[in-house]
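Today I want to look at the ligand and the space around it.

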Amino acid sequence: MTERTLAIIKPDAVRKKVIGRIIQRIEDEGFEILGLKMVHLTREEARKFYYVHKDKPFYESLTDFMSSGPSVVLLLERENAIKHWREVMGATDPAQARPGTLRRQFGFSIERNAVHGSDSPQTAEYEIAFFFG
Ligand code: CMP
């Protein structure tokens with residue numbers, strides 16, 4: 001089933017100058033890039049985007065980090081886009097992510113983990129609307 005997902009190249013990866021390598025991987029994995037833009041989230045926007053995590057102990061730190069510099073957001077389409085992008089990203093914690101995954105390759109910590117992806121069709125709908133209307 002063709003579906004859409006929302007990907008983010010996070011501020012740590014932008015600072016590391018690996019935008020190009022991550023986008024190359026996205027294209028190599030067969031995703032169509034339907035939308036792409038650079039955004040510098042405000043703290044309020046980051047808090048809204050990660051609202052589902054509002055009660056987690058890492059919420060403040062995560063939203064500070066996500067508003068610390070520009071990110072690149074992408075609207076992606078592919079067969080099983082949500083699951084496939086999550087496989088390409090790897091586990092949330094780069095130390096647990098399999099070799100060859102983006103988080104293993106470019107992530108620094110469980111928070112500064114280089115990339116984000118929607119985790120369900122409902123989340124994808126919310127996250128795509130958040131950035132692409
Ligand atoms: P992401 O896929 O963007 O979704 C939520 C983010 O919260 C996650 O990637 C990490 O950046 C961050 N996160 C998840 N778990 C933790 C944790 N235990 N400590 C700090 N940050 C976390």
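First, my terms: on a 1 Å grid over the protein atoms alone, a pocket is an open set of points where a 1.4 Å probe fits, with protein on both sides within 12 Å along at least five of seven lines, and lining residues have an atom within 4 Å of a point. I count a molecule as sitting in a pocket if more than half of its atoms lie within 2 Å of its grid points.

Ground rules: this is a predicted model, where local features need pLDDT of at least 70, side-chain atom pairs count only at pLDDT 80 or more, and totals for chains, interfaces and linings use all residues. Residues are numbered from 1 along each chain as its sequence is written, and side-chain values use heavy atoms, with hydrogens and water left out.

Where is the ligand? I find that the space it takes is the largest pocket.

Next I checked the lining of the largest pocket: 22 residues, with Tyr50, His53, Leu62, Thr92 and His116 nearest the centre. Helix 5 (81-89), strand 4 (115-117) and helix 7 (121-132) each give two or more residues to this lining; helices (H or I, at least four residues) and strands (E, at least two) are DSSP runs, numbered from the N terminus. Helix 7 has the largest share, three residues.

Then I looked up polar contacts (N or O atoms paired within 3.5 Å). A ligand oxygen is 2.6 Å from a side-chain N or O atom of Tyr50, and for Lys10 the distance is 2.7 Å. His116 has a polar side-chain atom 2.8 Å from a ligand oxygen.

Terms used
A polar contact is a pair of N or O atoms within 3.5 Å; within protein, one must be able to donate a hydrogen and the other to accept it, and residues adjacent in sequence count only if both atoms are side-chain atoms.
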